[in-house]
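Let me put the model up on the screen. I will go through a handful of local features and then stop.

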Amino acid sequence: MTKPVLYLGSAWSSSWSVVGWMACRLGGLAVEERTIFLSRPDSPAKLRAISPSGRVPALHLPDGTVLWDSLAIAEWLWERDPACAIWPRDPAKRAHARCMAAELHGHFDEVRNGLPMNLIKRWPVKDGLPSHVKLMNRPGVRTGTERLEAIWRDALARHGGPYLTGEAFCFADAVMAPMCSRYVTYGVELAPESMAFIAAQMESPLMRAWRARAERQADEIGREVVLQYP
Ligand SMILES: N[C@@H](CCC(=O)N[C@@H](CS)C(=O)NCC(=O)O)C(=O)O
């Protein structure tokens, strides 16, 4: 192995893969990317072969080191080059960015499970009602969403936007972007400031590049398959 290898899951649905991939871009690390499609009969065995947790992203370094968690990948990249774009240069902004990334990394399972990421799907209106109403009423989805909106409000008030710590997109945004995509997928209407923040996250250069990858995979695999999973 001459280059580090970054193992990723399905682009349209693997939210943590987005995070690990963005971390490598922000950290300026050139990697060979390999995709393991999730939810195929042989996926669990393939995942266990490249990651002790059986999860992606996983970064394999040429010296044999394996980093199998997105936050660990980000911190390793920042230690390697503290001038990189993973965290803001300003210590107060960096502390805030780390808090937001850690909170997102450790919590919000209800929102993740209640509104699964799918960058291709757009949720239908059924019986004249947008069916996200039911999804938003799943336990913990509304309170999780309220907490997210509070994080966005606070960050925008403190640093002026458009991203969480101001002008520069950092690792906290990388963790946030897949979260934001869920409200687009399910057509959930939030406060106007939240909708503007979500739009900025969806249109960042890194998110646009990842969304293009999801579109390419959907064309290759078949949109009908991609729309069904998750
Ligand atoms: N805490 C981990 C979470 C990784 C994770 O849950 N990855 C999912 C894909 S988004 C996975 O590999 N799931 C295995 C499966 O679907 O079988 C990280 O930050 O990297």
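This is a predicted model: local features need pLDDT of at least 70, side-chain atom pairs count only at pLDDT 80 or more; totals for chains, interfaces and linings use all residues.

Tyr-186 is buried, because its relative accessible area is 3%; buried means under 20% relative accessible area, exposed means over 50%, and partly exposed is in between, with a 1.4 Å probe and protein chains only. Residues are numbered from 1 along each chain as its sequence is written, and side-chain values use heavy atoms, with hydrogens and water left out.

Next, aromatic pairs. Rings of Phe, Tyr and Trp, taking the six-membered ring for Trp, pair if their centres lie within 6.5 Å; planes under 30 degrees apart count as stacked, over 60 as edge-to-face, and the rest as tilted. That rule gives seven aromatic pairs. One of them is Trp-123 with Tyr-186: the ring centres are 5.0 Å apart and the planes stand at 65 degrees, so this pair is edge-to-face. For the element names, helices (H or I, at least four residues) and strands (E, at least two) are DSSP runs, numbered from the N terminus. Trp-123 has a relative accessible area of 28%, so it is partly exposed.

Tyr-163 and Phe-169 also make an edge-to-face pair, because their planes are at 85 degrees, with centres 5.2 Å apart. Tyr-163 is buried at 12% relative accessible area, and Phe-169 is buried at 11%. There is also an aromatic cluster, formed by Trp-152, Tyr-183 and Phe-197.

One ring has a charge over it: the charged end of Arg-98 sits over the ring of Trp-78, 4.9 Å from the ring centre. The criterion is NZ of Lys or CZ of Arg within 6 Å of the ring centre and within 35 degrees of the ring normal.

Now salt bridges. Side chains of opposite charge can pair when their charged atoms come close. Here a salt bridge is a side-chain nitrogen of Lys or Arg within 4 Å of a carboxyl oxygen of Asp or Glu, and the structure holds 10 of them. Lys-46 bridges to Asp-42, with the closest N and O atoms 3.4 Å apart. Lys-46 is partly exposed at 43%, and Asp-42 is partly exposed at 37%. For Glu-203 and Arg-208, the closest N and O atoms are 2.5 Å apart; Glu-203 is partly exposed at 42% and Arg-208 is partly exposed at 47%. Arg-223 bridges to Asp-219 with the closest N and O atoms at 3.1 Å. Through shared partners, salt bridges join Glu-203, Arg-208 and Arg-211 into one network.

Which charged residue is buried yet has no salt bridge? That is Arg-112, whose nearest side chain of opposite charge, Asp-109, is 4.1 Å away. For charge, Lys and Arg count as positive and Asp and Glu as negative, while His and the chain ends are not counted. Arg-112 lies in helix α5 (residues 109-114). Its side chain reaches the backbone oxygen of Leu-104 at 2.6 Å. Setting aside neighbours within four places in sequence, Arg-112 is in contact with residues including Ser-15, Trp-16, His-107 and Met-179, where contact means heavy atoms within 4.5 Å.

Last, the backbone. Where are the cis peptide bonds I want to show? One runs from Val-56 to Pro-57, with omega near 10 degrees, and Pro-57 is in the loop between α2 (43-50) and β3 (58-60). Another runs from Gly-161 to Pro-162, with omega near 5 degrees, and Pro-162 is in the loop between α7 and α8. Ser-39 is in the loop between β2 (32-35) and α2. Phe-108 is in the loop between α4 (91-106) and α5, and is buried at 8% relative accessibility.

Notes:
A polar contact is a pair of N or O atoms within 3.5 Å; within protein, one must be able to donate a hydrogen and the other to accept it, and residues adjacent in sequence count only if both atoms are side-chain atoms.
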